[in-house]
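Visitor: I have a structure to look at and some questions about it. Can you take me through it?

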Amino acid sequence: MGWFDFLTGKKAKQGDARPFIKSYLEENWEDLLADWTEMIEEATSLGAVFDKKEIMRKEVQALAEKISAILKDNDLRPPANLPGLIREEINEKMLSEARPVIREFVAGYRKPGIPWPQEIDIPWQDMGKLETALAEKGVDLSLLQYDTSEEKIRSLLDKYGIRKRPSFQDAEAWARTFSYSNEDIVALKAALKRDNIYLQAVEHCLGNLRALVKDELVSMQDDWFESSFRKVNPELPEKPSKMQWVAAYVKTFFQDRSYLGHLQRLAAKHGVTFSNEELEKMVSSEIEVQKISRS
């Protein structure tokens, strides 16, 4: 029996704290954002040296005390990882506010009248416009906090072959020189999704705005690809087999492999997973088959 059980004379149930966290954040979100912004602005105006992450750690702890009291009022035992759950929900809430703004920003760079995904270069000097739009919504991505370590990210990038450790370099030396790009994190997010693995830090692209823009661009291009691909292949069933996906792709693009990544992600969305090697091999084989029918 824990202290709460001892003091109340009854055994509290271990329930799901997330609905209570979500409800509290939903009801108090605007006030919380205003308080955090005011604290940061005040510290900045005083010329104080401060760490936003440390400020948020203290704020999360304060929220944990309030939500813990709410759980006890509902005869529920607060979980030991309550601060971590609150931090995750704050991250989700912050990203849910940011994503529509990022999506609108990225969509503005699409060239009209082109059905298939196109190369889109978003000038990084334009990022200031996006940062301003986010600030107007009260979104400060620097307040995001994740428990995932650099070592974990490095391990996953290595595991999925996105950023491999050179054979001549030992793990310690690699750790010192290790770096990764925004594209690497977007690729890792896609790889984890194919394996049905959810890791919030990667799902959120580590809260890096440039990586989030890259991820949104890939997502929108995938949507454009699916819409056009379905339109030119109306006979494709709702849930095609691997062979049906490949045959439709080769029928549409023949020897052009530049859209294979989009096909791979589209198939995965509908429950069909291709490895890179498997997809390349099947496409090569289907090209040879369709060469004969086209001759």
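Guide: Start with a definition: a salt bridge is a side-chain nitrogen of Lys or Arg within 4 Å of a carboxyl oxygen of Asp or Glu. Keep in mind that this is a predicted model.

Visitor: How many salt bridges are there by this rule?
Guide: Side chains of opposite charge can pair when their charged atoms come close. Counted by this rule, the salt bridges come to 19.

Visitor: How far apart are the closest N and O atoms of D215 and K189?
Guide: D215 lies in helix α10 and K189 in helix α8, so the pair ties together parts 26 residues apart in sequence. The two form a salt bridge, and their closest N and O atoms are apart by 2.6 Å.

Visitor: Is K189 buried or exposed?
Guide: Buried means under 20% relative accessible area. K189 has a relative accessible area of 9%, so K189 is buried.

Visitor: R87 forms a salt bridge with D147; which parts does the pair tie together?
Guide: The closest N and O atoms of R87 and D147 are 2.9 Å apart. These parts are 60 residues apart in sequence. R87 and D147 place them: the parts are helix α4 and the loop between α5 and α6.

Visitor: Is D147 buried or exposed?
Guide: R87 counts as buried, at 16% relative accessibility. The cut-off for exposed is over 50%. D147 has a relative accessible area of 61%, so D147 is exposed.

Visitor: E42 belongs to a negative surface patch; how accessible is E42?
Guide: The patch is formed by E30, D31, D35, E38, E41 and E42. E42 lies in helix α2, residues 18-45. E42 counts as partly exposed because its relative accessibility is 47%.

Visitor: Where is F254 found?
Guide: F254 is not a glycine, yet its phi is positive, about 50 degrees. At 18% relative accessibility, F254 counts as buried. F254 is found in the loop between α11 and α12.

Visitor: Is N196 buried or exposed?
Guide: N196 also has a positive phi, near 55 degrees, and is a residue other than glycine. Its place is in the loop between α8 and α9. The relative accessible area of N196 is 73%, so N196 is exposed.

Notes:
Residues numbered from 1 in each chain as written. Predicted model: local features only at pLDDT ≥ 70, side-chain atom pairs only at ≥ 80, totals over all residues. Heavy atoms only, no water. Patch = residues over 30% accessible without salt bridge, like charges linked within 9 Å, V, L, I, M, F, W, Y side chains within 5 Å. Areas by Shrake-Rupley, 256 points an atom, 1.4 Å probe, with all protein chains shown as cover. Lys, Arg positive; Asp, Glu negative; His and termini not counted. Charge placed at Lys NZ, Arg CZ, Asp CG, Glu CD. Helix = DSSP H or I, 4+ residues; strand = E, 2+ residues; numbered from the N terminus. Buried < 20%, exposed > 50% of the residue type's maximum accessible area, 1.4 Å probe, protein only.
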